[in-house]
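The following questions and answers are meant for a reader who meets this structure for the first time. Please look over the sequence and the model before reading on.

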Amino acid sequence: MTDPRDLVDRYVAVWNEPDAERRRKAVSELWTEDGVQVLQPPREIRETAATLGVTPTLEARGHDALQVRVTRSYEQFVAPGEFIFKPRDNADRLGDVVKFNWEMVRGSDGEVAASGLQILVLDDDGRIKTD
């Protein structure tokens, strides 16, 4: 059984990884080939979608799309040296579900600039099917 703290440490590390090849390898080790990250769109998109009577979601599905997603996040937040992602110490697992909170902190002073709740659904091998 996958230790949730180990999984969370590896998950958060991939978002901070500066080396593109190590990032690619970590993505393929963390997620299943058809793994998906589902994101809630920004409020403006949700409001526009509501006027159309639909519910929008943003998805990165499969290793190639997940690699792009992780790389873009790295380039936007971490590479400029402004932020780093950190897990909070609350990883927990129930069956095939792992949940934890993360923070994006300023490199200059450690101030929390953003935080979130991550829920991961794992396959039988402990790889992420749904994020």
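Throughout, two residues are said to be in contact, or to touch, when heavy atoms of theirs lie within 4.5 Å. This is a predicted model, in which local features need pLDDT of at least 70 and side-chain atom pairs count only at pLDDT 80 or more, while totals for chains, interfaces and linings use all residues. Residues are numbered from 1 along each chain as its sequence is written, and side-chain values use heavy atoms, with hydrogens and water left out.

Q: What radius of gyration does the protein have, beside the value for a compact globule?
A: The radius is taken over C-alpha atoms, and the globule rule is 2.2 Å times the number of residues to the power 0.38. The C-alpha atoms fill a box of roughly 40 × 40 × 30 Å along the principal axes. For 131 residues a compact globule would have a radius of gyration near 14 Å, and this agrees with the value for the protein, 15 Å.

Q: Which residues does glycine 35 touch, beyond those up to four places away in sequence?
A: Glycine 35 has its place in strand E1, which covers residues 31–39. Its relative accessible area is 0%, so glycine 35 is buried, where buried means under 20% relative accessible area, exposed over 50% and partly exposed in between, with a 1.4 Å probe and protein chains only. When residues up to four places away in sequence are not counted, glycine 35 touches Ala60, Arg61, Gly62, Leu66, Ile128 and Lys129.

Q: How many Å separate glycine 35 and leucine 122 in space, C-alpha to C-alpha?
A: Along the sequence, glycine 35 and leucine 122 are 87 residues apart. For the protein as a whole, among contacts between residues at least 6 apart in sequence, 50% join residues at least 24 apart. In space, the C-alpha atoms of glycine 35 and leucine 122 are separated by 9.4 Å.

Q: Is methionine 104 buried or exposed?
A: Methionine 104 lies in strand E5, and beyond residues up to four places away in sequence it touches Phe77, Phe83, Ile84, Phe85, Glu111, Val112, Ala113 and Ala114. Because its relative accessibility is 8%, methionine 104 counts as buried.

Q: Which residues is aspartate 92 in contact with, leaving aside its neighbours within four places in sequence?
A: Aspartate 92 has its place in strand E4, and with a relative accessible area of 44% it is partly exposed. The C-alpha atoms of aspartate 92 and isoleucine 119, 27 residues apart along the chain, are separated by 9.9 Å. Leaving aside neighbours within four places in sequence, aspartate 92 is in contact with Pro4, Val97, Val98 and Lys99.

Q: How many salt bridges does the count come to?
A: A salt bridge is a side-chain nitrogen of Lys or Arg within 4 Å of a carboxyl oxygen of Asp or Glu. One of them joins aspartate 3 and arginine 5, with the closest N and O atoms 3.7 Å apart. By this rule the count comes to seven.

Q: In which helix do aspartate 6 and arginine 10 both lie?
A: Aspartate 6 forms a salt bridge with arginine 10, and the closest N and O atoms are 3.3 Å apart. Aspartate 6 counts as partly exposed at 39% relative accessibility, and arginine 10 is partly exposed with a relative accessible area of 33%. The two residues are four residues apart, about one turn of the helix, and both lie in helix H1.

Q: How far apart are the closest N and O atoms in the salt bridge of arginine 88 with glutamate 103?
A: Arginine 88 is partly exposed, with a relative accessible area of 35%, whereas glutamate 103 is buried, with a relative accessible area of 18%. The closest N and O atoms of their salt bridge are separated by 2.8 Å.
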